[in-house]
Amino acid sequence: MKILVTGAAGFIGFHLVTALLKAGHVLIGIDNINDYYDPKLKYARLSETGIQEQDVLHTTIVQSSIYLNYRFLRIDLSQKEDLMHLFSTERFDVVVNLAAQAGVRYSIENPDVYIKSNVQGFLNILEACRNYPVKHLVYASSSSVYGSNKKVPFSVEDAVDHPVSLYAATKKSNELMAYTYSHLFNIPTTGLRFFTVYGPWGRPDMAPSLFADAILNSRPINIFNNGEMERDFTYVDDIVQGVIGICEKPPQFKDNRPPYVLHNVGNNKPIKLMDFIASLEKHFNIQATKNYLPMQAGDVQKTFADISSLQKEINYQTKTILEDGVKAFVEWYKSYHTA
């Protein structure tokens, strides 16, 4: 297939691009390479796929030096004209939209960025898919849409009308917008609610990297809600396999319902935050100093994915146990930060 991956220099995007290229698909990756966190990490990910920093110029498509089936373009989803030009000239089979302004806590202080990227940017993707039809639009939603729901595991059948952060609200809006375009224009759309992704090349603002940085630099790690937190930690390779499986299964119009579906992509097994930290300590062979704090605004105590719909659709099963995933993350972290 010919596939567009947005957010290709991001954490999940990088891993997805690599897996799709190795599977032989023809890819174009796009990313705006913003400075929400150090762009050096984004350029390092791109370099792994044969795209060099000095070659990444605005509106110029770069050919990978490693993969003949990969090209990259630096572009922002809010640049509608540039996006439309890309769609008109390339004509994609599948679009995987991973580009978004991430971060629950950051959204509280910087709301405008989230509306521009996550709402306006996603609208432009939908408009591009409307004007230049694709077989399937797959887009990243988030477990954060469940807010403070008490019922676990979280099911895609649950009501998600009470987001507790603007980030979550923008992801819920993406689902609503996708439904509308599926209904009006018969665009097959699948939203994937990712649950606490971790692994090599992870974002520096996410808990594993924050903990690792503090541990290696003899600083206390901040542990919110006094450690009484559980997360459905999901290794990035397991997330990617879910995305790839879904790419090949676009929803169909049936029973007078539009071709629109949602799935959770998670480990289906909540892990206590303190157990995750203990695994980091084990693989770093360093005891962390811990600073216990109350719950932060916009945060939730527990996430737990019901993945039954994904299991039914593509026989989805995660393969990576916590110890193996944390070990791989720690090995990458040490090699990247000491290189």
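## T18 in helix α1

T18 sits in helix α1. The model described here is predicted. T18 is buried, because its relative accessible area of 16% falls under the 20% cut-off. Leaving aside residues up to four places away in sequence, T18 touches T49 and Y67.

## How α1 meets α8

Two packed helices are described by the angle between their axes and the distance between the axes. Helix α1 covers residues 11-22, and helix α8 covers residues 236-247. Their axes come within 9 Å. They cross at roughly 60°. The two helices are therefore oblique to each other. The crossing of α1 and α8 is right-handed.

On the α1 side, the contact is made by F11, I12, H15, L16, A19 and L20. On the α8 side, V236, D237, I239, V240, V243 and I244 take part. Sorted by type, the residues of this contact comprise 10 nonpolar, 1 polar and 1 charged.

## Helix α11 and its cover

Helix α11 runs over residues 322-338. With 17 residues at 1.5 Å a residue, α11 should span 24 Å.

Several residues of α11 are buried: L322, G325, V326, F329, V330, W332 and Y333. An α-helix has 3.6 residues a turn, so residues three or four places apart point the same way. The cover over the buried residues of α11 includes the helices α2 (39-48), α7 (207-216) and α9 (273-284). It also includes the strands β8 (197-198), β11 (234-235) and β13 (271-272).

Note on methods. Residues numbered from 1 in each chain as written. Predicted model: local features only at pLDDT ≥ 70, side-chain atom pairs only at ≥ 80, totals over all residues. Heavy atoms only, no water. Axes fitted to C-alpha atoms, helices over the stretch in contact; angles between N-to-C directions. Helix = DSSP H or I, 4+ residues; strand = E, 2+ residues; numbered from the N terminus. Parallel < 35°, antiparallel > 145°, perpendicular 65-115°, else oblique. Left-handed = near helix turned anticlockwise from the far one by under 90°. Contact = heavy atoms within 4.5 Å. Nonpolar A, V, L, I, M, F, W, Y, C, P; charged D, E, K, R; others polar. Expected span 1.5 Å × (residues − 1). Buried < 20%, exposed > 50% of the residue type's maximum accessible area, 1.4 Å probe, protein only.
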